[in-house]
Amino acid sequence: MSKKFKVSICSGTTCYVLGGAQMMLLEDCLPVDIKDDVEVVGSSCLQKCHEPNAKPPFVQINDYVMESASLTKVIDYIREHR
Amino acid sequence: MNYINNAAIIKRQVMVRLAKLIFDDTLKDNIDLIPVLMTPKNSESVRCCIHHDRAVLKSRVKVLLGFTAASDTQADEVKLLKEYAGDAEQQGEDRFDDRILTVIDDACSACIRAKYQVTNACRGCVARPCIMNCPKKAIRFERGHAIIDENLCVSCGICEKVCPYHAIVYQPIPCEEACPVNAISKDEFGKEKIDPQKCVYCGKCMLACPFGAIMERSEMFDILRDIKNRDKMTVAMVAPSIAGQFNTDFGKIVSALKKLGFDKVVEVAYGADITAQKETEEFIERLGHKQTLMTSSCCPAYVQIIKKHIPSMRSYVSDTYSPMIYTGEWVSNQWPGAARVFIGPCVAKRFEARESAYVDNVMTYEELGSILIAAGVDVVECDDQEPDKSASIIGRGFAVSGGVSNAVLASAASRGVNAVGKPINGINNKTVSLLKVLDKTIKEPAFIEVMTCEGGCLNGPGVTSSPVVAKKFLDKMLK
């Protein structure tokens with residue numbers, strides 16, 4: 001069975017240096033209530049940082065692209081949309 | 001622990017913008033626009049208004065150009081950033097001194113002096129043990145609540161202990177609390193000042209300040225000038241803790257550095273191999289002379305702590321040079337005349353490099369990351385390359401607490417010399433007290449490794465990665 005949320009964490013240098021490093025811990029800190037619904041996949045650069053006024057780090061959750069992403073923002077989003 | 005926070009991200013954003021202008025050769029035309037572009041008209045301000053934000057950003061650019069944040073004269077206060085850029089070009093190395101860290105007055109929030117505060121959990125009780133027990137009569141009663149007079153309070157903490165409702169809380173001044181040697185304190189206006197006589201350049205205050213008011217004076221202006229100059233050879237000497245700083249393997253980081261303009265990339269772990277070997281020899285020789293204790297010397301902040309604060313321990317510190325110095329020496333012989341840039345997680349290395357003839361400049365991973373962004377180099381998309389000088393896994397292990405002592409103790413044991421040594425992992429007030437009496441508490445032969453940052457260099461003040469993530473990559477390299 002495929003999981004409900006597919007989370008791609010941009011691992012491009014821009015996202016990584018501007019706050020994305022912390023995102024790599026997402027898989028380890030998913031709360032139990034949503035853990036089974038989430039699949040975390042690594043991703044190369046999502047190419048969002050090239051847009052003007054881009055706000056890295058970026059994370060893509062299914063079709064939704066989150067800017068200024070953080071661990072809590074991702075977890076909150078998933079809880080809201082499940 | 002090094003947590004990601006908004007103040008750190010803003011600092012990196014400024015670094016990216018500055019580096020971009022240097023790469024594009026438009027520094028003098030556009031440098032004064034940086035504060036305005038980052039806080040445009042009608043944007044949301046972080047401080048009281050965008051003008052305050054802009055003033056702080058201007059100071060940040062100034063510090064990134066290598067100057068202190070202080071404006072000594074009125075002329076300094078109105079001086080444009082492009083004039084500072086001109087000064088940086090003209091003065092070169094001469095603009096640096098022993099003030100490695102600097103406080104941006106406009107950013108410092110002048111945290112209240114008293115470290116204890118009465119919260120609204122105060123019920124205005126009849127017993128009032130806080131007032132009765134305060135030795136300085138600093139607490140008065142107003143509108144049903146106890147109030148602490150911050151000018152009288154000496155932060156003894158008695159009121160916090162005696163309050164039956166736990167209504168009084170301890171609220172530290174983050175930078176002062178983080179400094180292990182009391183080098184930072186308030187001036188008459190409540191702003192923090194760093195005493196260069198006492199500062200050991202550990203960078204803990206810089207990480208602790210929630211306003212990002214403390215910065216290290218960057219050398220990126222000089223480094224970028226050198227890597228842009230195709231006639232000058234530049235060598236990147238990368239510390240072993242670089243593993244995992246960019247969420248990818250070391251080989252890709254090597255080729256990213258070359259793309260950036262470095263001609264050669266050398267592992268400082270190579271110098272760590274030499275340090276391990278020489279330190280073992282020195283240790284065995286010292287034991288032969290009836291000494292029992294020797295400590296490591298590769299952490300420059302620790303060396304400064306001993307020099308400035310615990311001189312009685314000085315003879316126990318190893319005379320062996322640090323991995324950075326041995327690597328710099330090798331590079332100097334290999335490529336005479338090349339610009340030698342140490343890339344690491346460390347603030348104190350800046351001072352060590354300034355005192356050495358073998359290293360020209362120092363930059364942190366945070367600065368490197370920002371420069372990579374500015375140059376449009378994505379590390380993950382680079383191909384794997386071998387460094388121009390690589391090292392053994394022993395030297396690479398120096399990046400984590402215990403790495404040095406494991407190397408020295410194992411190598412001594414293989415030569416029939418047995419000794420003990422529990423590393424001192426992280427400097428704080430407690431470990432400073434421990435160091436003061438270390439020579440009196442050690443009875444059997446011991447080699448003590450001391451790392452100022454808890455966990456080792458992986459958790460240094462200039463890292464980009466969470467130490468947990470970086471450790472995973474380093475472990476891979478140590479296999």
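## A buried valine at the chain interface

A:Val17 is buried, as 31 other C-beta atoms lie within 10 Å. The residue belongs to helix H1 of chain A, in what is a predicted model. Leaving out residues up to four places away in sequence, A:Val17 touches B:Arg12, B:Gly369, B:Ser370, B:Ile373 and B:Thr464. Its C-alpha atom is 12 Å from that of A:Ser68, a residue 51 positions away in sequence.

The contact between the two chains involves 14 residues of chain A and 20 residues of chain B. On the side of chain A that touches chain B, there are 7 nonpolar residues, 7 polar residues and no charged ones.

## Helix H17 of chain B

Just after H17(B), B:Gly376 adopts a positive phi of about 70°.

## Overall form of chain B

Chain B contains 22 helices and 16 strands. Its C-alpha atoms fill a box of roughly 75 × 65 × 40 Å along the principal axes. A compact globule of 479 residues would have a radius of gyration near 23 Å, and the 24 Å of chain B agrees with this. Buried residues account for 50% of the 479 residues. Of the contacts in chain B with a separation of 6 or more, 76% link residues 24 or more positions apart.

The domain assignment divides chain B into domain 1 (6–110 + 175–218), domain 2 (116–172) and domain 3 (222–477). Between domain 1 of chain B and domain 2 of chain B, the C-alpha centres are 37 Å apart.

In soluble globular proteins, nonpolar side chains tend to be buried together. The largest nonpolar core here has 155 residues, of which B:Tyr201, B:Met237 and B:Ile343 touch the most other members. Domain 1 (6–110 + 175–218) and domain 3 (222–477) of chain B each supply at least three residues to this core. A second, separate core has 12 residues, including B:Cys134, B:Ile139, B:Ile148 and B:Cys163.

Neighbours within four places in sequence aside, B:Met237 is in contact with B:Val266, B:Val268, B:Met324, B:Thr327, B:Gly328, B:Val331, B:Arg340, B:Val341, B:Phe342 and B:Ile343.

## Helix H15 of chain B

Among these partners of B:Met237 are B:Met324, B:Thr327, B:Gly328 and B:Val331, which are also buried residues of H15(B). B:Pro323, B:Ile325 and B:Tyr326 are buried in this helix as well. Helix H15 covers residues 323–334 of chain B; its 12 residues reach 16 Å from the first C-alpha to the last, close to the 16 Å expected at 1.5 Å a residue.

The buried residues of H15(B) pack against strands E9 (234–238), E10 (264–267) and E12 (339–344) of chain B. They also pack against helices H13 (269–288), H16 (348–355) and H18 (393–396) of chain B.

## Loop residues and backbone geometry

B:Ala213 occupies the loop between helix H10 (204–208) and strand E8 (214–216) of chain B. With 26 C-beta neighbours inside 10 Å, B:Ala213 counts as buried. Residues up to four places away in sequence aside, B:Ala213 touches B:Val103, B:Ile104, B:Ala107 and B:Cys108.

Most residues other than glycine have a negative phi, and most peptide bonds are trans. The bond from A:Pro56 to A:Pro57 is cis, with omega near 0°; A:Pro57 lies in the loop between strand E2 (38–43) and strand E3 (59–61) of chain A. A:Asn62 has a positive phi near 50° and sits in the loop between E3 and strand E4 (64–66) of chain A. This asparagine, A:Asn62, counts as exposed, with 12 C-beta neighbours inside 10 Å. In chain B, B:Asn182 has a positive phi of about 50° and lies in the loop between helix H9 (174–178) and strand E6 (184–186). B:Asn182 is exposed, with 12 other C-beta atoms within 10 Å.

How values were computed: Residues numbered from 1 in each chain as written. Chains lettered and ligands numbered in written order. Predicted model: local features only at pLDDT ≥ 70, side-chain atom pairs only at ≥ 80, totals over all residues. Contact = placed C-beta atoms within 7 Å. Nonpolar A, V, L, I, M, F, W, Y, C, P; charged D, E, K, R; others polar. Helix = DSSP H or I, 4+ residues; strand = E, 2+ residues; numbered from the N terminus. Expected span 1.5 Å × (residues − 1). Buried ≥ 20, exposed ≤ 12 C-beta atoms within 10 Å, placed from the backbone. Domains from an automatic or database assignment. Rg over C-alpha atoms; globule rule 2.2 N^0.38 Å. Core = buried A, V, L, I, M, F, W, Y, C linked by C-beta atoms within 7 Å.
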